Amino acid sequence: MTLALTGWMLYSMLVVLGLMGLSFLYGLYKALKAGSFSSSLILSYLQDLLFYVFPLFMLSNMMSLDPTGFLLMVFYYLGALGVALKYLADFKK
């Protein structure tokens, strides 16, 4: 199987990864400003990559197995929207 992010799927993945990057940089800035940098900051983002981004890539790779052609795509977009809303809510906190 090859990675096949096409069209809006690519843009939604870029939004998810962009929000994760912005959240990481903001958390890094706050930690360095407070003088309390720890490895848990980096480990939490590696965990988020494993729990949020990796399943999205798995869904995109399973598109060829979907007989309807849209069911897994709907799950992909719902997952990407959920991750984006999670990081937007974290920014609001």
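Colleague: How many helices and how many strands does the chain have?

Modeller: The chain has three helices and zero strands. Read from the N terminus on, its elements run α-α-α. This is a predicted model, in which local features need pLDDT of at least 70 and side-chain atom pairs count only at pLDDT 80 or more, while totals for chains, interfaces and linings use all residues. Residues are numbered from 1 along each chain as its sequence is written, and side-chain values use heavy atoms, with hydrogens and water left out.

Colleague: What makes a stretch a helix or a strand here?

Modeller: Both are DSSP runs, numbered from the N terminus: helices are H or I over at least four residues, and strands are E over at least two. In this chain, α1 covers residues 8-34, while α2 covers residues 39-61 and α3 residues 71-92.

Colleague: What are the overall dimensions and surface of the chain?

Modeller: Along the principal axes, the C-alpha atoms fill a box of roughly 55 × 25 × 15 Å. The accessible surface is about 6400 Å², and 74% of that belongs to carbon and sulfur atoms. Those areas come from the Shrake-Rupley method with a 1.4 Å probe, and for residues only the protein chains shown count as cover.

Colleague: Let's turn to the helix pairs. How do α2 and α3 lie to each other, and why?

Modeller: Two packed helices are described by the angle between their axes and the distance between the axes. The axes of α2 and α3 come within 8 Å and cross at roughly 160°. Angles under 35 degrees count as roughly parallel, over 145 as roughly antiparallel, 65 to 115 as roughly perpendicular and the rest as oblique. The pair is therefore roughly antiparallel. Axes here are lines fitted to C-alpha atoms, for helices over the stretch in contact, and angles run from 0 to 180 degrees between N-to-C directions.

Colleague: Which residues make the contact of α2 with α3?

Modeller: Contact means heavy atoms within 4.5 Å. On the α2 side, the residues include Tyr 45, Tyr 52 and Leu 56; on the α3 side, they include Phe 75, Val 83 and Tyr 87. By class, this contact has 10 nonpolar, two polar and two charged residues. For those classes, Ala, Val, Leu, Ile, Met, Phe, Trp, Tyr, Cys and Pro count as nonpolar, Asp, Glu, Lys and Arg as charged, and the others, Gly among them, as polar.

Colleague: How does α1 lie to α3, and why?

Modeller: Their axes are 10 Å apart, with an angle of about 20°. That makes α1 roughly parallel to α3. Among the residues that meet are Ser 12, Val 15 and Leu 19 in α1 and Tyr 76, Tyr 87 and Phe 91 in α3. This contact has 17 nonpolar, two polar and no charged residues.

Colleague: And what makes the remaining pair, α1 and α2, parallel or antiparallel?

Modeller: These two pack at an angle of about 175°, with axes 11 Å apart. That value makes α1 roughly antiparallel to α2. Met 13, Val 16 and Met 20 of α1 are among the contact residues, as are Ile 42, Leu 49 and Phe 57 of α2. The class count is 14 nonpolar, three polar and one charged.

Colleague: How do you know which class Val 15 and Phe 91 belong to?

Modeller: Val 15 has a relative accessible area of 44%, so it is partly exposed. Phe 91, at 31%, counts as partly exposed. Val 15 lies in α1, and its C-alpha is 10 Å from that of Tyr 87, 72 residues apart in sequence. Phe 91 lies in α3 and touches Leu 19, Leu 22, Ser 23 and Tyr 26, not counting residues up to four places away in sequence.

Note on methods
Buried means under 20% relative accessible area, exposed over 50%, partly exposed in between (1.4 Å probe, protein chains only).
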